[in-house]
Amino acid sequence: MTDSWENVAARTWAVLTAYAAKKETLSYKNLGLEVGLHHRTVKFPLDVIYRYCSISGLPALTGIVVRQDSGMPGRGFTEWDDDLETGLARVFAENWSARPNPFTGFGSDDSLRSFAERILETPTISGDVYRKVRDRGIAQQIFREGLLRAYEYRCAMCDLSFEEALEAAHIVPFNECSIDQRINVTNGLLLCATHHRLFDSDYFSIQSDYSIVYCDPNLDEGPYTASDKAASSDLHGRKLRLPKQQKHRPVFRCVSG
């Protein structure tokens, strides 16, 4: 195997969307033949595509790949356990031809990991990486991977380290920032899902010295539970947990979130 799984996912995406347009399923064996893989290894590009669909709010395109003996998705695919028929109908109803292949920006040596390494090594080239991948869902995965590494897999506010709960938050929102800022780690914070939502909703802002400001430090808008206070007012005045490398540290062009 010389190509990255993201590069193989580009070929796999083309095959899957063609079958979906015909409202047909295909077996793992036939998919392997079409993309040049052993049927036992097609799960790797399928995993890449499944994550992309999940992040992008798309139906699980990979569900149309089925076992030859049963006509059902593999045991690892649990998305439609309760209603396979409805799941397939959602995939077949999607206008896949209207969506550019999100993996065409990946060369044989490119991967989400390698792109994340590039933006960490030289944050100023983040715009070039974004222009190459072009797709927002892919860009968000690269951005998150970069922030996970920069912040050592811990929330910048509360230190939570459950990776599944950590998200890439933009300082200048994606739709308002420049292309050069969209996946630049200096325009981001690694936050748990709770603090990401609160930051985006302006419950928190950050001072130029990285002090955390909570909008109701005196608890005037209560009542607050103990958990509420731990997640909000208890953080007021504390400093963000920053990346070790100066070049990865967030840049706040204004004090609001």
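## Helix packing and nonpolar core in a predicted model

Helix 3 and helix 7 are roughly perpendicular to each other, because angles of 65 to 115 degrees are placed in that class and the two helices pack at about 100 degrees. Their axes lie 9 Å apart. The model described here is predicted.

The two sides of this packing are set out below.

| Helix | Residue range | Residues making the contact |
|---|---|---|
| Helix 3 | residues 43–56 | Arg51, Tyr52, Ile55 and Ser56 |
| Helix 7 | residues 136–150 | Gly137, Ile138 and Gln141 |

Sorted by class, the contact of helix 3 with helix 7 comprises 3 nonpolar, 3 polar and 1 charged residues.

Two of these contact residues, Tyr52 and Ile138, are also touched by Phe103.

Phe103 belongs to the largest nonpolar core, which has 71 residues. Phe103 is listed there with Leu61, Ile64, Ile142 and Met157 as the residues with the most contacts inside the core. Helix 1 (residues 5–21) supplies the largest share of this core, 8 residues. In soluble globular proteins, nonpolar side chains tend to be buried together.

A further site is Ser70, located in the loop between strand 2 (65–66) and helix 4 (84–93). Ser70 counts as partly exposed because its relative accessibility is 38%. Along the chain, Ser70 and Ser27 are 43 residues apart, and their C-alpha atoms are separated by 9.9 Å.

Notes: Residues numbered from 1 in each chain as written. Predicted model: local features only at pLDDT ≥ 70, side-chain atom pairs only at ≥ 80, totals over all residues. Heavy atoms only, no water. Axes fitted to C-alpha atoms, helices over the stretch in contact; angles between N-to-C directions. Helix = DSSP H or I, 4+ residues; strand = E, 2+ residues; numbered from the N terminus. Parallel < 35°, antiparallel > 145°, perpendicular 65-115°, else oblique. Contact = heavy atoms within 4.5 Å. Nonpolar A, V, L, I, M, F, W, Y, C, P; charged D, E, K, R; others polar. Buried < 20%, exposed > 50% of the residue type's maximum accessible area, 1.4 Å probe, protein only. Core = buried A, V, L, I, M, F, W, Y, C linked by side-chain atoms within 4.5 Å. Lists of a residue's contacts leave out its neighbours within four places in sequence.
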